[in-house]
Amino acid sequence: MAKRTRRPRDQLPNCYYEGYMEKRAFNDETSQKLWTALCGNTLFFFNDKKDCDYIEKLDLSGFISVTDETRQDRNLDAARFNLRLKGGNIKFTVPNAEVREFWKGYIQAVAELAVPTSLNLLPGQIHMLKEAVQKETERKQNSPPSAETSCPSYVTLQADMPACYHNVSRLEAELLLDREVKRGNLLLRPGSDGSSFAVSTRQDLDSPLVKHYRVIRKHDGGFIIDVEPKVTCDTLHDMISYLVTSTDGVLIPLIIEEPYEKKLSYISSDNENGEKSVQQPLQKGPPPSLPSKPPKPVCRKTPSPEPEELPVEECLYLNENWNEEAEETEDSSVNPLPQPEGKTQKIPLMPPTPAPRKFFPSSVSTTKQDVKVKAVTDPDNQLARATISELKLRLEKNKGKCQ
């Protein structure tokens, strides 16, 4: 969907059919009622039928199909149809079903260059479609290839134009150069055929002399000034630079810069006498600045603490004293094996032995029952008795042998 290019209606191709339609694209929330004109193979949309500049256009080169929409409109007389293109689907609403058939017939006939046979049309309407197909076929045969598709350097936006470009007609260009003679005498404008450009100049001889030069766009890129000999330039900017330098600066591009106000002002009326005057807003200080984003926190790498060496605890065993006593009782005459320097002798670890129980005699005199308990529980006492009984047996045996 192309936006406004401010191309006058009289420069558009042949108009086959026009009327009001409500248009709604797939990305539009609401529909818009526009005056629509089918010129060539393009639908041009205007805010009103009296407007000279279209606001949008829809190229039918990507036509796929046009079908009815069965959903009923709030207006029972209104009819809907869907236009399917390669770039998307467009929904249209027309006043009644007869107008819908007419729109569908013209769109399909111009896009396919053939009269559709599946529509309910009268013989006179079918004859009108045949004429439209014939005119469109002749137009495509006589017109050069579209610069929009064949030329990679096609200029579509006014921002791409030189500063001396003005969207004016031939007569308006002459009046503009006459009025702004002190600012410049050269301007670039659109051509009369809508696909080319023109250069208008004004100079004073005996009387003002205005000349117009045609600029043709090349299909493979670039522009040609249609003079003898022909001048070829890559861009419109290069063309303007060539005209200025080749004339030693006599031709000066007409650049109109609209002035802008430097201070804010408004019109205020006095409450007492009603007089109006231009006022300026009070300065209350500098405008508040937007809060700046806080800086991102920097992650500081903290050195990891070195692992502390745990103190080695000395293992104490109950049999250490026993080992020391055993070493003292060994024969001092035996020389131990020489140990290598720097190495200590390894002491074998022995299981701890239980310490012997010690019984301390009490100062109080023990009774017979205590003596019996002591005799039973005292291991030394039992050992002595066993020894005495064994000695007695041996004595009795010796006596028997002697007898």
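Predicted model: local features only at pLDDT ≥ 70, side-chain atom pairs only at ≥ 80, totals over all residues.
I'm counting a polar contact as a pair of N or O atoms within 3.5 Å, where one must be able to donate a hydrogen and the other to accept it. I went to the start of H1 with that in hand: a side-chain oxygen of Asn-96 comes to within 3.2 Å of the backbone nitrogen of Glu-98.

**Overview**

I began with the totals. The protein has eight helices and 15 strands. Of its 403 residues, 26% are buried. The accessible surface is about 31600 Å², and 53% of that belongs to carbon and sulfur atoms. I also looked at contacts between residues at least 6 apart in sequence: 43% of them join residues at least 24 apart.

**H1**

I checked the length of H1 next. Its 16 residues should span 22 Å at 1.5 Å a residue, and the end C-alpha atoms are 22 Å apart, so the two agree. Then I listed what is buried in H1: the run includes Arg-100, Glu-101, Phe-102, Trp-103 and Lys-104, and it carries on through Gly-105, Tyr-106, Ile-107, Gln-108, Ala-109 and Val-110.

Some of these names came back when I looked for charge pairs. Asp-68, Arg-100, Glu-101 and Lys-104 are linked in a network of salt bridges. I noted that Arg-100, Glu-101 and Lys-104 are on the buried list of H1 as well.

Most residues other than glycine have a negative phi. Leu-113 sits in the loop between helix H1 (97-112) and helix H2 (123-142).

**H2**

On to H2: 20 residues, 29 Å from first C-alpha to last, close to the 28 Å expected at 1.5 Å a residue. Its buried residues are Gln-125, Leu-129, Ala-132, Val-133 and Glu-136. Looking down the axis of H2, I find the buried residues within an arc of 105°, so they line one face of the helix. The face turned away from that buried side carries the exposed residues Pro-123, Lys-130, Gln-141 and Asn-142. What covers the buried residues of H2? Strand S2 (15-25) and H1 are included in the cover.

**Salt bridges**

I counted eleven salt bridges, and opened a few of them.

- Arg-139 with Glu-136: the side chains meet at 2.7 Å, N to O. Both lie in helix H2, three residues apart, about one turn of the helix. In an α-helix, residues three or four places apart point the same way, because there are 3.6 residues a turn. I have Arg-139 as partly exposed at 23% relative accessible area, and Glu-136 as buried at 0%.
- Arg-179 with Glu-180: this pair meets at 3.8 Å, N to O. Arg-179 counts as exposed at 56% relative accessibility. Glu-180 has 17%, and buried means under 20%, so I put Glu-180 down as buried.
- Asp-204 with Arg-202: the side chains meet at 3.2 Å, N to O. Asp-204 is exposed, with a relative accessible area of 56%, whereas Arg-202 is buried at 9%.

**A buried threonine**

I picked out Thr-36, which is in strand S3 (residues 32-39). Thr-36 is buried, with a relative accessible area of 0%. Which residues does Thr-36 contact, leaving aside its neighbours within four places in sequence? My list is Tyr-17, Glu-18, Gly-19, Met-21, Leu-43, Phe-44, Phe-45 and Trp-103. Trp-103 is also one of the buried residues of H1.

Asp-248 has a positive phi of about 55° although it is not a glycine. Asp-248 lies in the loop between helix H5 (236-246) and strand S14 (266-269). Here the residue is exposed, with a relative accessible area of 71%.

Where did I find a cis peptide bond? One joins Glu-228 and Pro-229, with omega about -5°. Most peptide bonds are trans, which is what made me write this one down. Pro-229 lies in the loop between strand S12 (223-225) and strand S13 (231-233).

Key
Residues numbered from 1 in each chain as written. Heavy atoms only, no water. Helix = DSSP H or I, 4+ residues; strand = E, 2+ residues; numbered from the N terminus. Buried < 20%, exposed > 50% of the residue type's maximum accessible area, 1.4 Å probe, protein only. Expected span 1.5 Å × (residues − 1). Contact = heavy atoms within 4.5 Å. Areas by Shrake-Rupley, 256 points an atom, 1.4 Å probe, with all protein chains shown as cover. Arc of directions from axis to C-beta. Salt bridge = Lys/Arg side-chain N within 4 Å of Asp/Glu carboxyl O.
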